Amino acid sequence: MKSRTISELLSQDIVFPEVEIKGWVRTFRANRFIALNDGSSLNNIQCVVDFESFDENLLKRVTTGAAVHVKGTLVESQGKGQKVEIQVSDISILGDSDPETYPIQPKKHSFEFLRENAHLRTRTNTFSAVMRLRSALSFAIHKYFNENGFYYMHTPIITGSDAEGAGEMFKVSNLDAKNPPLTNEGSIDYSKDFFGKETNLTVSGQLEAETYAMSLGKVYTFGPTFRAENSNTSRHLAEFWMIEPEVAFMDLAGNMDLAEGFMKSVIKYVLENNREDLEFLDKRLQDEDKTKPQAERNEMTLIEKLNFVTDNHFKRVSYTEAIDILRNCKPNKKKKFKYLINEWGTDLQSEHERFLVEKHFKCPVILFDYPANIKAFYMRLNEDGKTVRAMDILFPGIGEIVGGAQREERLDVLKQKMAAINIPEEDLWWYLDLRKFGTAVHSGFGLGFERLVMFATGMSNIRDVIPFPRTPQNAEF
Ligand code: 4AD
Ligand code: MG
């Protein structure tokens with residue numbers, strides 16, 4: 001007999017009632033009801049044991065967390081909320097779990113506690129639902145690009161370039177600690193750390209993706225990226241996954257259309273395919289809301305919010321318009337912004353972004369045409385000489401979820417911009433080559449994958465949507 005998953009058993013009619021299943025025990029009540037989960041579904045399957053037919057010592061080993069192999073007959077369930085259950089004929093213990101020391105007890109644990117037990121936290125409903133959604137979203141992303149003529153490109157993890165020019169890089173080193181290369185002054189020469197060259201972990205695959213866009217036309221990356229920023233916020237990780245499409249012959253308006261269509265498509269995918277997990281997480285948020293004062297409660301349920309994004313246009317607003325709104329608004333009856341926006345040219349803080357999305361426009365917003373001095377060197381300078389063709393997409397509850405731009409395709413302008421911030425031409429000679437040989441308008445963007453997972457699951461801390469979060473405090477697992 002083939003072992004089946006709980007998801008299969010729950011979704012089919014009882015055709016072959018003799019079944020066997022393997023999973024981990026969630027609870028064992030009254031020496032009679034085993035709630036078993038195997039990760040294939042949010043739902044447990046109830047396994048009903050006639051305790052008189054089993055050895056007492058065997059049943060003692062059916063404890064929370066134990067791995068078991070159950071054989072029996074699938075029957076319609078009399079219990080509430082479950083279609084079928086298994087009348088158990090045979091149980092074997094595959095792996096014991098000491099109830100005294102097993103960290104995941106059948107009770108509500110705090111997310112902080114579960115973060116410390118990241119290796120076991122997917123044995124809870126919340127984290128298994130989040131990680132199933134994470135998997136579904138990755139699939140939806142590949143599906144979207146595949147169906148729209150994009151090639152998937154793998155960009156290097158170890159690289160010599162600082163794509164964002166922000167200097168937030170982790171160095172990669174194979175220096176011989178006992179016998180390191182030395183500078184003329186006698187100190188360790190870190191510029192020789194990677195077989196004689198200076199390298200770091202990538203902050204973005206964009207520059208490399210541009211090279212492929214300028215030959216294959218439409219490409220995207222989906223890989224890990226690293227930022228050595230010491231940001232201890234609920235939206236920053238030192239290692240996060242980024243999706244970066246890059247398209248030749250596409251301008252900023254096309255980039256906005258692509259980003260909006262893409263975001264809607266992947267969210268729609270999980271609304272259609274992951275309903276059970278979404279409904280579970282939605283209920284969790286609604287229960288949490290009940291413990292909060294009215295003013296702090298969510299205005300929409302999770303599923304309403306996801307539907308809202310797929311059904312409504314993203315509002316497109318220039319940086320200059322946004323600054324006017326922020327200068328003239330009253331964010332709150334009592335409180336002003338922590339950082340006041342006084343002049344044109346100031347970068348927006350997340351409080352401003354969230355005000356625009358959540359209070360002012362009340363829908364996703366695409367901000368574009370930012371001041372050149374607060375954006376990366378590769379962005380296309382506008383004819384006004386002071387703004388660039390940048391775009392950020394802001395989402396409710398998240399703030400910036402996407403950052404992108406039309407790229408500077410003019411060799412002379414790009415060289416000037418690099419010189420202004422001291423990027424040597426030798427460092428990016430290959431990037432400049434794209435402007436020398438068959439240059440063309442092209443654009444792309446980067447979506448922070450974990451921020452998308454946060455949005456789709458309603459989780460409020462980015463550490464809870466990636467299996468093993470890397471933050472300045474945490475790299476244990
Ligand atoms: O805005 P960023 O820095 O843009 C780039 O890296 C461009 N090269 C992308 C491109 O045009 N191809 O990052 C893009 C997105 C942000 O909007 C945010 O969602 C996410 O990546 N992000 C982070 N997510 C988690 N932790 C961090 N430390 C993040 N930094 C950026
Ligand atoms: Mg950004």
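A residue counts as near a molecule or strand if its C-beta atom, placed from the backbone, lies within 6 Å of it.

## Model and numbering

This is a predicted model, in which local features need pLDDT of at least 70, side-chain atom pairs count only at pLDDT 80 or more, and totals for chains, interfaces and linings use all residues. Residues are numbered from 1 along each chain as its sequence is written, while chains are lettered from A and ligands numbered from 1 in the order in which they are written.

Ligand 1 has 23 residues around it, and Ser204, Gln206, Gly403, Gly446 and Gly448 come nearest. Two or more residues each are given to this shell by strand 11 (239-248), strand 15 (399-406), strand 16 (442-448) and helix 13. Helices (H or I, at least four residues) and strands (E, at least two) are DSSP runs, numbered from the N terminus.

Strand 15 supplies the largest share of the shell, six residues.

## Helix 4 against helix 13

Helix 4 (residues 125-147) packs on helix 13 (residues 449-457) at an angle of about 125 degrees, with the axes 10 Å apart. Axes are lines fitted to C-alpha atoms, for helices over the stretch in contact, and angles run from 0 to 180 degrees between N-to-C directions.

Helix 4 contributes Val130, Leu133, Arg134 and Leu137 to the contact, and helix 13 contributes Leu452, Val453, Ala456 and Thr457; residues are in contact if their C-beta atoms, placed from the backbone, lie within 7 Å.

Note on methods
Contact = placed C-beta atoms within 7 Å.
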